[in-house]
Amino acid sequence: MRSPLRRLSLRARLLLVTAGLLLAGLALIGVVVSEQLQRHQLDRLDAQLGSLTALVARAAPTGPVPDGGAAPRAELLDPALELVGAPYVVYLDADGEVVDGLLSSGLTGSGLTGSALTGSALPAPARLREVPTDGSAVDLPAADGAGHWRAAARPTGDGRGVVVAAAPLAELDATVDRLRTASVVGGLVLLGLLSAVGWFALGRGLRPLRRIETTAAAIADGDLTRRVPALAPSSTEIGHLGGSLNTMFGQLERAFADRAAAEARMRTFVEDVSHELRTPLFGISGTTELYRMGALPERADVDRAMSRIAGEAARLTALTQDLLLLAQLDQTLEAQLDRAPMDLRTLATEARLELHALDPERSVRLTGPGGSGAPGPAPVTADEARLRQVVTNLVGNAAAHTPPGSPVRIGVGTVGGRAVLDVVDEGPGMTAEQAARAFDRFYRADPSRSRAGGASAGLGLAIARSLARASGGDVELVTAPGAGARFRLTLPVPHQH
């Protein structure tokens, strides 16, 4: 079961804990003070009783004084009686029998003579005989059990009797009780005042937490732009909490934005894939429907239809392979790369031959990265087959987006400690908006152009960049309208040992 305290607010729980600790502290202080006061008064009374018994024992060395006799050394007794207050003094003979017992009011001026021991409020005679004779004080109950006394005893000078002096503890107990009552009342008043002050102080201290709660509730309702205001210096707990929460809220906002962007990209991706698949499928479906309807009576018509179906099937195969490769690149392809030492100059030479094969009239120069000089060494440790696919896509992009016969330069070497391979064309170039989206999947700067081959689906550059990044490098684009485009493959150079 849940604790009842959990149902209370944090403010109430803190106040209860604080009030409980304060109450425990006040109670402890009250107990210690009252115990110390009681101990002090008892020690003071014990000393007075000890002094009184010593004086009386010396003043009456032979026991009680006969009636009418003078009190021996009465000038010593009166000051002791004033110290003790109103003691009860009794004389016990050698057999422990009570010979005489007087209250202090009967001592002054009359020695140890006076009225006999009477009254149930006095200590019982049997208990008087139990008092140690070494002068140490002990507690004795009254005969009626309604009160108690403090008593001390000493032997007389001749050793034939014992003088016992006892003082009632009612006044001492009353003093301690008054102190305890005052402590309880004062403690309760103080507890009430401090609780009231603490309630308002905690309310003010917890105000930043309510602000944080309001901000969190607004964010939960969908306002991801809300942040916790600066409620305290960053060095304090509240300030540190606010800063941490703002960091978390910022991450949540970015996460939601990334998720929304990913969902948008996924919708666009599905739409693009559907469009790219629909076109060849419609071609295949239409051709087969013509054949089924008998619209292809001649052998030549059938051959042309089969050729068209084969072309569309090849296009579907290339598109499927590209999509599969992109899916692998999004997951764990990096761990599957077969890395080995190689030089990008090999790929540059193959790219030059490939461009010549695609367009024999095109001028293709092989240079260093800056456009002049011979190709430089560009050692890398990478999967050669995957890098060859990157360069093939870059070369195919240059052939598809530049006029036939326009020159292309392929530069290779090392720049800034990294191996680079440039494919530079003199085509129409791209705007900044087009360049920003050039590596997006299924993006085509000229959607109206004829699609021939797998690269026309708009996946070539996306695959090239993904493969380069999986290899630890990247593909960069520098372009401007009318100034052509430069695609640069960059890869880290292996460490020399």
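Visitor: In which helix is Arg 178 found?

Guide: First, some background: this is a predicted model, where local features need pLDDT of at least 70, side-chain atom pairs count only at pLDDT 80 or more, and totals for chains, interfaces and linings use all residues. Residues are numbered from 1 along each chain as its sequence is written, and side-chain values use heavy atoms, with hydrogens and water left out. Helices (H or I, at least four residues) and strands (E, at least two) are DSSP runs, numbered from the N terminus. Arg 178 sits in helix H4, residues 170-205.

Visitor: Is Arg 178 buried or exposed?

Guide: Buried means under 20% relative accessible area, exposed over 50%, and partly exposed in between, using a 1.4 Å probe and protein chains only. Arg 178 has 54% relative accessibility, so it counts as exposed.

Visitor: With which side chain does Arg 178 make a polar contact?

Guide: A polar contact is a pair of N or O atoms within 3.5 Å; within protein, one must be able to donate a hydrogen and the other to accept it, and residues adjacent in sequence count only if both atoms are side-chain atoms. Here the partner is the side chain of Thr 175, at 3.2 Å.

Visitor: How do I read the sheet, and what is the order of its five strands?

Guide: Two strands pair if DSSP finds at least two bridges between them. This open sheet runs S7-S9-S10-S12-S11, with mixed pairing. S7 (364-367) and S11 (474-479) are at the edges with a single partner strand each, so one side of each has no neighbour in the sheet. Further in, S9 (residues 408-415) and S10 (residues 418-425) pair in the antiparallel sense over eight bridges. Val 412, for instance, has Leu 421 in S10 as its bridge partner.

Visitor: Which strands does helix H10 touch?

Guide: Contact means heavy atoms within 4.5 Å. Helix H10 (residues 384-401) packs on the sheet and touches S10, S11 and S12 (485-492). Its buried residues include Leu 387, Val 390 and Val 391.

Visitor: What caps the N-terminal end of H10?

Guide: That's Asp 383, with a side-chain oxygen 3.1 Å from the backbone nitrogen of Ala 385.

Visitor: How many helices and strands are there in the chain?

Guide: The chain comes to 12 helices and 12 strands. As for burial, 37% of the 497 residues are buried.

Key:
Axes are lines fitted to C-alpha atoms, for helices over the stretch in contact, and angles run from 0 to 180 degrees between N-to-C directions.
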